[in-house]
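Visitor: I am new to this one. Could you show it to me and take my questions?

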Protein chains: 2
Amino acid sequence: MTNTDIDITNLREIGAFEGSLAQRVYLALQEAILSLQFLPGAVVRKGLICEKLGVSRSPVSEAIARLSNEGLVDVVPQSATRVAYFSMDDIREGTFLREALELASVAKVARDRTDDQMAQLNRNVRLQALLVEDGDFAGFYQADEEFHAMLMHFTGYPRLKTVARMVSLQVTRARMLLLPTPGRSNETLEEHQAVVDAVRDQDPDAAREAMRYHLGQLMPRIEALAEKRPDLFQSR
Amino acid sequence: MTNTDIDITNLREIGAFEGSLAQRVYLALQEAILSLQFLPGAVVRKGLICEKLGVSRSPVSEAIARLSNEGLVDVVPQSATRVAYFSMDDIREGTFLREALELASVAKVARDRTDDQMAQLNRNVRLQALLVEDGDFAGFYQADEEFHAMLMHFTGYPRLKTVARMVSLQVTRARMLLLPTPGRSNETLEEHQAVVDAVRDQDPDAAREAMRYHLGQLMPRIEALAEKRPDLFQSR
DNA sequence: CTATGTCAACTAACATGTTAGTCTACTAGA
DNA sequence: TCTAGTAGACTAACATGTTAGTTGACATAG
């Protein structure tokens, strides 16, 4: 049982974010949790955060309420708040929900896509190829995220991206532990290309299957990880 | 432009709910909004709610923050909070998201179902048949909700039901305006039966299609409604 | 040495006071 | 009469004070 506090120095100043104080505190905390600068089990102290960020407890409370709602922290009423442990159950569920949304999206986009959207997808994938060639992993990661965001954007449903992000936050956090695997970028790129090909052909079923295969590559790698870092996981 | 306040008398006392004060206030307000006792465009006044429910502004603020997150109210910073208007865009998006989750769920359940789960589904559908026979619309509505909740529960993913509910809150609210249509209960029952049959046969594709057809019946009826009650809708 | 009961310290939850941004209504000018 | 500017009232957002529930350490009994 870790009884450690969070390392408050790993919290970015709220000046780096936009919106209301509550929103900025929320973003700062979320970033620290997702990037594992706040480790699972660490106690989140409102007082410390207020002091560090120079705000009162109100916006911090609202931020923590949201994080709790997303399952990134566990609140014990009248007692304490801790950074949530990883849970294979949560990750599996997040993967399922994410897949459901992502498959429905790509199928719809394959049906309804415009030529302009097709051009944007092509451009993104060609960018990915360049980044792989250069060995720019960080850049590739970002282009990867953009690829998926782009598909969701093309559905015309603005909340979709937010919902997809929310349901798979635990998965996102787990991904942070995954080191770049040799050759994986190349495979990822090919999988993305297969999705784009199916969208180009306006073949919803093929697009679904290509995306399903692509997404299916993640879970086994996370499961392998759970073996290596049991300290971060919680059976409950 | 309606400038009316909400009718505070239509708010149930928080004694009727469980959990923290914030949670109870949230449930009370959500109920009033979903049941259209609070009409779109009405101004939600914190002061009035505090007075009526006998709590301070803190729990009310947290409740409103959650409702805002779900899109049931629109908050104008430093100014006012209003009950959100209906929006066909939101409803269409909610329908899409709900369908994505529901189809993935029913397909999974069709694959993995146990005999015990099958028995529960059969029992529910038989109950529905009885309620239709008796013309008990309220009871049928509830059994309908339970049917869908049951399928999601059988996936083994506990958050699924919550997420599905959240993304389709606008749809739920719109459904409240739909009066029971003669003969529709019978059709609904048949559609549910088709889903159960496919699950019984452990045929994921058939289950998906049966569910897709079933869910597809709702949207046209809501669109018809938008014509009749333009006062509740907002183009934006 | 282990189990159990008590108590003090700490925290989330709640209440209330304060600030600053927005809307509206009124006024003045065209 | 209509527009534009302005001031005042009102509200959400934020700060701070208060309450009550949980936890965990320590002592005491078995």
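Visitor: What share of the residues of chain A count as buried?

Guide: This is a predicted model: local features need pLDDT of at least 70, side-chain atom pairs need pLDDT 80 or more, and totals for chains, interfaces and linings use all residues. Residues are numbered from 1 along each chain as its sequence is written, while chains are lettered from A and ligands numbered from 1 in the order written. Buried means 20 or more other C-beta atoms, placed from the backbone, within 10 Å of the residue's own. Of the 236 residues of chain A, the buried share is 36%.

Visitor: What is the radius of gyration of chain A?

Guide: The radius is taken over C-alpha atoms, and the globule rule is 2.2 Å times the number of residues to the power 0.38. For 236 residues, a compact globule would come near 18 Å; chain A agrees, with 19 Å.

Visitor: How many helices and strands are there in chain A?

Guide: Both are DSSP runs, numbered from the N terminus: helices are H or I with at least four residues, strands E with at least two. From the N terminus on, the order in chain A is α-α-α-β-β-α-α-α-α-α-α-α-α. That gives 11 helices and 2 strands.

Visitor: At what angle do α4(A) and α6(A) cross?

Guide: Axes are lines fitted to C-alpha atoms, for helices over the stretch in contact; angles run from 0 to 180 degrees between N-to-C directions. α4 (residues 88-112) and α6 (residues 137-154) of chain A have axes that come within 8 Å. They cross at roughly 65°.

Visitor: Which residues of α6(A) meet α4(A)?

Guide: Contact means C-beta atoms, placed from the backbone, within 7 Å. From α4(A) come A:Glu102, A:Ser105, A:Val106 and A:Val109. Their partners in α6(A) are A:His148, A:Leu151, A:Met152 and A:Phe154.

Visitor: Which helix gives the most to the side of chain B that touches chain A?

Guide: In this interface, 13 residues of chain B are in contact with 13 residues of chain A. On the chain B side, α3 (57-69), α4 (88-112) and α7 (158-167) each supply at least two residues. The most, 6 residues, come from α4(B).

Visitor: Which element supplies the largest share of the surface near DNA strand D?

Guide: Near means a C-beta atom, placed from the backbone, within 6 Å of the strand. There are 22 residues around DNA strand D, and A:Ser20, A:Leu21, A:Ser56, A:Ser58 and A:Gln78 come nearest. The largest share is 3 residues, from α3(A).

Note on methods:
Two residues are in contact if their C-beta atoms, placed from the backbone, lie within 7 Å. A residue is buried if 20 or more other C-beta atoms lie within 10 Å of its own, exposed if 12 or fewer, and partly exposed in between; C-beta atoms are placed from the backbone.
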